[in-house]
2 protein chains.
Amino acid sequence: MVSPHVHSDILITGGCGFLGRKLILSLLARTQLPGRIVVLDAFPPSPPSTAISHDTVPIVYRTGSILDTKVLNEVITSSTTCIYHLAAVVSAQAEQDWNLGMQVNFDGTRAIAERCLELGIKPVVVFTSSLAVYGGEVVKNCSEDSHIMPQSSYGAEKAMCELLLSDLSRRGLLDARILRLPTIAIRPGKPNAAASVFISGIVREPLQHKQKTVLPVDEKTLIWIASPRSAIKALVHASVVPRETLVDAQGSRRSVITLPGLSTTPRDLIDAMVRVGGGDASLVEKKPDPKIEAIVGTWPGDIDTPWAKSLGFEVDKNVDDIVKIFVEDDMH
Amino acid sequence: MVSPHVHSDILITGGCGFLGRKLILSLLARTQLPGRIVVLDAFPPSPPSTAISHDTVPIVYRTGSILDTKVLNEVITSSTTCIYHLAAVVSAQAEQDWNLGMQVNFDGTRAIAERCLELGIKPVVVFTSSLAVYGGEVVKNCSEDSHIMPQSSYGAEKAMCELLLSDLSRRGLLDARILRLPTIAIRPGKPNAAASVFISGIVREPLQHKQKTVLPVDEKTLIWIASPRSAIKALVHASVVPRETLVDAQGSRRSVITLPGLSTTPRDLIDAMVRVGGGDASLVEKKPDPKIEAIVGTWPGDIDTPWAKSLGFEVDKNVDDIVKIFVEDDMH
């Protein structure tokens with residue numbers, strides 16, 4: 001049972017994941033500390049020693065589902081002032097099981113929003129959407145103003161959440177800041193069910209585990225990536241961007257921000273892995289997988305993001321930095 | 001109780017409404033008759049004499065809610081081959097009551113889709129979306145490829161349905177044909193709670209009822225309209241457009257069609273009303289209403305629709321035709 005707290009609470013869903021953990025550390029490194037951090041995740045911190053504690057900021061871990069009303073009622077209270085909603089079923093999984101994807105990715109987000117409406121609180125809601133909302137011919141010449149046409153259920157669900165949260169934010173019922181994240185690379189640890197998992201694998205496996213790994217798409221495929229550091233910086237920045245700047249040139253509420261990213265290729269990443277980390281490129285086995293190619297091929301490999309940049313969102317400089325950040329932060 | 005029928009059934013939700021009724025008549029005028037027409041509406045035909053019957057095609061009226069599982073199970077069966085989903089809560093109503101709009105406009109559409117999944121049928125689903133999915137600065141220079149940024153809950157809900165049905169259609173679980181309708185004018189009968197209701201009023205009231213009516217927006221406001229005849233033609237055409245043509249230039253599934261419309265102004269409509277129908281323009285009282293102006297101002301007044309036109313969707317020629325069609329079809 002998470003007891004209500006008088007101070008301002010930050011809720012992080014999916015907070016035991018890779019990004020969630022980094023986000024907690026980042027929030028604790030800021031000058032202005034939150035009253036409390038509530039971490040909701042379907043799984044407990046693993047291993048338990050990875051649970052984060054802090055001298056002055058209580059950090060409460062709650063294991064449960066965002067689809068469980070009782071759980072949501074505990075983790076979102078009248079003290080909640082900011083929600084980072086990161087919990088999601090990833091792309092390949094949502095494609096395999098439509099019901100699961102709709103439930104976790106869409107119904108879960110809606111349940112969080114409706115809990116806020118029920119309480120009458122208007123927290124800042126930072127929501128992680130994805131480049132997967134784009135699709136079709138626009139991906140060849142894509143900007144933050146391009147129309148969305150998702151070619152995966154994951155992308156469709158994220159886009160529906162964008163619309164839901166944007167509408168509530170426009171109505172002033174909550175304060176949404178929606179980030180379309182590039183593919184985050186390099187991820188440490190075990191591969192997940194995301195179709196983009198190979199992008200991290202081609203650097204991590206040769207470098208960290210000295211193991212073979214598969215590149216299932218053409219090495220010249222354009223990919224749109226951001227380092228975990230950039231992504232976390234963006235998540236925190238999103239929570240403090242003044243609400244009045246989240247409008248378009250006509251003054252209409254615009255809550256969806258397509259994050260700047262780095263446009264590169266698996267080939268360039270592999271080269272950087274060799275150059276910066278001294279890894280063995282021959283460990284990367286080229287083995288095209290039509291299923292993965294079909295999903296990744298519907299994502300933009302480059303996106304023009306002048307508005308996001310004007311809001312102060314930043315981008316990784318080059319592939320060498322992408323590899324360096326992995327070596328410094330996560331290759332242990 | 002609607003008993004299952006061996007022949008192919010067409011379901012029309014909202015089928016007792018203005019467009020629904022015309023759609024039934026139009027389907028009955030085709031060479032290829034459906035096995036049966038099932039009409040679902042929250043209200044019975046009013047007056048009862050407006051219920052349509054046919055010599056050879058059974059027409060079954062069912063009064064009930066699309067949110068009622070029992071009702072949906074009755075009206076969608078293994079014989080259902082085509083669904084025209086017109087039922088919706090209109091714009092001003094959805095803006096006033098967010099829950100109601102989400103339930104009827106989004107949950108209702110999802111319930112229909114999930115009933116199809118449950119049965120394993122893959123009917124053609126013709127869904128009426130709206131120009132209200134657009135919003136913000138794009139409305140000044142809008143095309144069928146413009147990005148959506150709804151500035152009303154109605155628009156957001158319609159856009160979410162577009163994504164839901166498009167995704168299921170992409171997966172091959174149903175065959176969606178989504179039409180973003182212009183404002184339909186001229187509507188007969190009583191005004192409804194749509195923010196666009198004045199567009200019909202400024203022609204209908206002086207012409208048919210010789211009564212005063214209010215124009216709540218600037219008379220030079222660009223509006224994007226289609227006659228009921230064009231809309232019905234489009235609905236029927238949508239059901240027969242070959243599925244293989246509903247892809248973009250890259251071959252990606254594209255199920256959303258922004259219908260061609262006529263770009264005009266209240267001023268031009270009033271002039272046509274005088275010119276074609278001999279109505280009295282002085283019955284139109286100019287009385288700006290900031291609330292209505294705010295909603296209508298977020299809708300595009302002109303949309304470039306080359307793809308829709310290439311699919312064979314047609315447009316009204318001019319405002320005189322808009323008034324003539326009202327006089328011929330509905331002013332009785």
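What rotation and what shift along its axis superpose chain B on chain A? A rotation of 180° does it, with 0.0 Å of shift and an RMSD of 0.0 Å. The superposition is by least squares on the C-alpha atoms of residues with pLDDT of at least 70 in both copies. The two copies are thus related as by a two-fold rotation axis. In chain B, the residue that comes closest to this axis is His147(B), with its C-alpha at 1.9 Å.

This is a predicted model, in which local features need pLDDT of at least 70 and side-chain atom pairs count only at pLDDT 80 or more, while totals for chains, interfaces and linings use all residues. Residues are numbered from 1 along each chain as its sequence is written, chains are lettered from A in the order in which they are written, and side-chain values use heavy atoms, without hydrogens or water.

Now look at where the chains meet. Each of chain B and chain A brings 40 residues to the contact (heavy atoms within 4.5 Å). The copies meet through the same surface, because 100% of the interface residues of chain B are also interface residues in chain A. Together they bury about 3,300 Å², with 53% of it on carbon and sulfur atoms. Buried area is the accessible area (1.4 Å probe) that two parts lose on being put together, summed over both.

Four salt bridges cross this interface (a side-chain nitrogen of Lys or Arg within 4 Å of a carboxyl oxygen of Asp or Glu). One of the salt bridges joins Asp107(A) to Arg110(B), with the closest N and O atoms 2.7 Å apart. On the chain B side, helix 3 (91-96), helix 4 (98-119) and helix 5 (153-170) each give two or more residues. Helix 5 of chain B gives the most, with nine residues. Helices here are DSSP runs (H or I, at least four residues), numbered from the N terminus.

Next, turn to chain A by itself. Its domain assignment, which is automatic or from a database, gives domain 1 (9-181 + 226-258) and domain 2 (184-225 + 261-301 + 316-329). Their C-alpha centres lie 25 Å apart. In the contact between them, 22 residues of domain 1 meet 21 residues of domain 2. The two domains bury about 1,900 Å² between them. Leu131(A), Ala226(A) and Arg229(A) supply 32% of the area that domain 1 buries against domain 2, more than any other three residues. Two salt bridges link the domains. Arg229(A) also forms a salt bridge with Glu328(A), at 2.8 Å from N to O.
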